[in-house]
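Subject: Structure handover

Hello,

Here is the structure I promised to pass on. Please open it next to this email and follow along.

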Amino acid sequence: MSADESDKMGVMNAWLDAVCAELGADRSVMDANTTGLLDLIRDVAHGPSRPGAPMTAFLVGLASASGSQDPTVQAHKVAEHVAAVNRLIAGWPTPTAPSSEG
């Protein structure tokens with residue numbers, strides 16, 4: 001990882017620590033799913049809908065938080081919901097590129 005990437009990750013982590021503190025959220029839930037969530041956001045942005053990517057992450061979080069206050073249960077729910085949305089992405093029709101013939 002380059003120094004620039006390391007700096008960006010440090011800023012991101014400081015920001016996320018502050019947001020978790022402000023909202024009373026358990027950081028461990030996110031930490032358990034960071035890679036999966038970032039991949040999901042990327043895949044939605046480059047697939048079904050770029051502007052839908054952050055809202056998809058919000059919906060995964062919203063659905064995962066309801067029903068339990070236990071961070072371990074919430075982290076497991078996030079992983080389940082990420083997998084469900086990944087299945088949805090896999091089946092989502094891809095737009096066809098305009099034909100160069102014509």
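Before going on, some ground rules. This is a predicted model, in which local features need pLDDT of at least 70 and side-chain atom pairs count only at pLDDT 80 or more, while totals for chains, interfaces and linings use all residues. Residues are numbered from 1 along each chain as its sequence is written, and side-chain values use heavy atoms, with hydrogens and water left out.

Back to N33. It sits in the loop between α2 and α3. Helices are DSSP runs (H or I, at least four residues), strands likewise (E, at least two), numbered from the N terminus. N33 is buried, at 9% relative accessible area. Buried means under 20% relative accessible area, exposed over 50%, and partly exposed in between (1.4 Å probe, protein chains only). Leaving aside neighbours within four places in sequence, N33 is in contact (heavy atoms within 4.5 Å) with A75, V78 and A79.

Now the whole chain. It has 5 helices and 0 strands. The radius of gyration is 17 Å, well over the 13 Å that the globule rule gives for 102 residues, so the chain is more spread out than a compact globule. That radius is taken over C-alpha atoms, and the rule is 2.2 Å times the number of residues to the power 0.38. Along its principal axes, the C-alpha trace spans about 55 × 40 × 20 Å. Buried residues make up 21% of the 102 residues.

Next, the helices. α1 covers residues 3–23, and its end C-alpha atoms are 30 Å apart, which agrees with the 30 Å its 21 residues should span at 1.5 Å a residue. The expected span is 1.5 Å times one less than the number of residues. G24 follows α1, with a positive phi near 70 degrees.

α3 (residues 34–45) has 12 residues. Its buried residues are L37, L40, V44 and A45. Seen down the axis of α3, they fall within an arc of 125 degrees, so they line one face of the helix. The arc is that of the directions from the helix axis to the C-beta atoms. Their cover includes α4 (52–65) and α5 (71–91).

What are the buried residues of α5? They are Q74, A75, V78, V82, V85 and I89. These fall within an arc of 100 degrees down the axis of α5, so they too line one face. The face turned away from that buried side carries the exposed residues T72, R87, A90 and G91. What covers the buried residues of α5 includes α2 (27–31), α3 and α4. At the start of α5, a side-chain oxygen of D70 reaches to within 2.9 Å of the backbone nitrogen of T72.

Last, look at S64, in helix α4. S64 is buried, with a relative accessible area of 3%. Its side chain reaches the backbone nitrogen of V78 at 3.4 Å. Leaving aside neighbours within four places in sequence, S64 is in contact with Q74, K77, V78 and H81.

Best wishes

Definitions and conventions:
Polar contact = N/O pair within 3.5 Å; in protein donor to acceptor, adjacent residues only side chain to side chain.
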